[in-house]
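Welcome, and thanks for opening the viewer. Let's walk through this model one selection at a time, with a short note at each stop.

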Amino acid sequence: MSFPYGSVAPPAGQVNSSDNALPVEYMFSQIMGAVQKSQAEISDLRQECNDLRLANASLERQIREGFQQNGNGNYYASSRMGSGFVTPVPGSPQLRAKSPFLSPHSIPSLVAAPTSHLPSPLGDNAVAPFQFGIRDIPGFYVVIPAGGAGTRLWPLSREEHPKFLLDLTLKGRSLIQATWDRLLPLSSPLRTTVVAGPGHVKSIREQLPDLLPHNLICEPGPKDSMAAIGLAAAVLAKRDPNAVIGSFAADHMISGDDAFLSAVAEAVEVAKKDYLVTIGIAPSHPSTGFGYIRLGNKLGIKEAPNARLVSSFKEKPDARTAAAYIGTGNYRWNAGMFVTKATVLLDLLKDYKPELHDGLQKIAAVWHDEALRQAALNEIWPELEKIPIDNAVAEPAATEGKVAVVPATFGWDDVGDFSSLADLLPAESNQPRVLGDSALVLTEQVAGGIVVPGSGRLITCLGVDDLVIVDMPDTLLVTTRARSQEVKRLVKKCRDAGWKQLL
């Protein structure tokens with residue numbers, strides 16, 4: 001028996017038995033299904049409205065910048081054709097076509113940005129709803145360390161053009177731009193800080209036009225993650241003693257933005273209880289390229305029901321050990337994401353690395369006086385210890401029960417080598433993945449692998465499987481996916497052989 005749309009079904013007891021009446025439970029389930037569908041549609045509409053609002057704001061900025069350029073949007077009027085890496089430096093992200101190859105000359109570029117975009121282009125596989133009505137988290141400061149040369153992705157990634165400045169997914173946004181897009185709903189530009197070396201400051205400013213000048217912290221030289229994050233924490237603690245900071249690398253990829261934002265929001269709640277908090281990634285396979293986190297007991301925090309203590313951190317394991325970790329169900333990948341009060345991080349640093357703490361505090365004390373800042377950096381920075389945040393504070397603090405983890409369900413990859421990059425790119429069956437113009441790659445009886453036609457030359461392959469071919473204007477790399485983790489050994493050989501200009 002059915003009722004016209006909009007009509008009300010009579011009570012169960014008043015339905016004529018000859019009409020083969022449907023059970024009350026069935027009608028109730030139908031009604032609940034319709035209500036849930038309506039709620040989902042309303043949620044989708046709200047998200048679309050928010051996306052449109054952000055896209056409109058971006059478009060307005062593009063138009064404004066377009067007029068400021070006097071009609072000339074070509075940032076590649078010339079290219080450096082001498083020795084070394086000749087891929088042009090990235091231009092303004094708002095004025096270029098959505099294409100991996102943006103140079104008007106014969107030298108293509110893999111540094112890309114769209115003419116318009118929706119935020120979080122990598123967040124198209126959400127697996128959990130964001131549970132908070134307003135995404136902005138008051139008092140939460142985002143820190144994006146933008147360092148490293150990405151030597152396992154050489155010769156695509158170079159010291160002057162590290163991977164975080166490249167569009168490695170052909171989605172039209174570089175990795176640092178995607179990171180910015182993803183985190184901006186939580187903090188706004190007012191509370192988003194980038195830490196980078198002097199050689200990348202100009203490119204970062206061009207790719208992130210909304211980054212406020214005082215929120216770009218320039219470290220004189222690479223000192224690994226502890227010094228970079230610690231300096232940001234010390235500076236932000238001077239600005240806001242109650243600041244909760246979250247550190248997220250500029251060159252990682254995330255899929256499932258709602259699940260990511262929910263995990264960060266939980267981590268902030270745990271950090272307010274004076275924990276150093278990391279986010280643990282559910283492992284999809286027994287990787288030997290990542291560190292692992294062993295889960296401890298649940299913390300029982302109402303606002304963060306998934307939070308646990310960290311039992312211990314484990315270094316990158318061999319394949320058998322990694323498989324054993326996954327088999328227990330008690331391990332998560334260590335993605336190097338940390339959330340904590342700035343003052344708590346500095347207190348931990350004071351306990352475990354007092355000299356590093358004192359040096360960073362001296363620099364932060366004069367940070368807002370440019371002359372004194374530069375003098376302090378020149379004097380103190382070269383003497384600071386070079387050490388990752390994991391070794392400096394996370395591992396020793398975990399043994400004392402001061403580190404928590406929020407297990408998360410979003411997709412994550414640090415794009416650490418060409419093999420992992422290949423997994424992120426689309427491909428036809430039994431064909432290599434192509435990062436760039438597929439018309440420049442012709443194959444016959446070739447399966448797997450990845451080809452980067454970065455020089456503009458035609459690349460042809462016959463009867464070879466799972467190769468990595470990176471053809472740049474000044475360098476050609478050929479290896480296998482199985483040995484892509486070892487590319488950094490070639491970088492060292494090039495340096496030792498006097499080819500530093502190509503690195």
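Start by selecting H2 and helix H5 (residues 257–271), whose axes come within 11 Å and cross at roughly 45°. Axes here are lines fitted to C-alpha atoms, for helices over the stretch in contact, and angles run from 0 to 180 degrees between N-to-C directions. That makes H2 oblique to H5, given that angles under 35 degrees count as roughly parallel, over 145 as roughly antiparallel, 65 to 115 as roughly perpendicular and the rest as oblique. The crossing of H2 and H5 is right-handed; a crossing is left-handed if the near helix is turned anticlockwise from the far one by less than a right angle, and right-handed if clockwise. Show side chains for Arg182, Leu183 and Leu186 of H2 and for Asp257, Phe260, Leu261 and Val264 of H5, which make the contact (heavy atoms within 4.5 Å).

A word on what you are viewing: this is a predicted model, in which local features need pLDDT of at least 70 and side-chain atom pairs count only at pLDDT 80 or more, while totals for chains, interfaces and linings use all residues. Residues are numbered from 1 along each chain as its sequence is written, and side-chain values use heavy atoms, with hydrogens and water left out.

Now color by pLDDT, the predictor's confidence in each residue, from 0 to 100. The chain averages 80, and 77% of the residues score at least 70. Residues 1–19 have a pLDDT below 50, and this stretch has 12 contacts in the model beyond near neighbours in sequence. Residues 65–133 are also below 50, with 200 contacts beyond near neighbours in sequence.

Of the 503 residues, 48% count as buried, where buried means under 20% relative accessible area, exposed over 50% and partly exposed in between (1.4 Å probe, protein chains only).

Next, select helix H4 (residues 224–239) and helix H8 (residues 354–365). How do their axes cross, and within what distance? They come within 9 Å and cross at roughly 45°, so H4 and H8 are oblique to each other. This crossing is right-handed. On the H4 side, look for residues including Met226, Gly230 and Leu231; among their partners in H8 are Leu356, Leu360 and Ile363.

Now for some backbone stops. Tryptophan 154 and proline 155 are joined by a cis peptide bond, with omega about 5°. Proline 155 sits in the loop between strand S1 (140–146) and helix H2 (175–187). Move on to serine 188, which has a positive phi of about 70° although it is not a glycine; serine 188 is in the loop between H2 and strand S2 (192–196).

Then pick valine 415, in the loop between strand S11 (411–413) and helix H11 (418–423). Is valine 415 buried or exposed? Its relative accessibility is 0%, so valine 415 counts as buried. Phi of valine 415 is also positive, near 45°.

Finish at aspartate 347 in helix H7 (residues 342–352), partly exposed at 47% relative accessibility.

Terms used
Helices (H or I, at least four residues) and strands (E, at least two) are DSSP runs, numbered from the N terminus.
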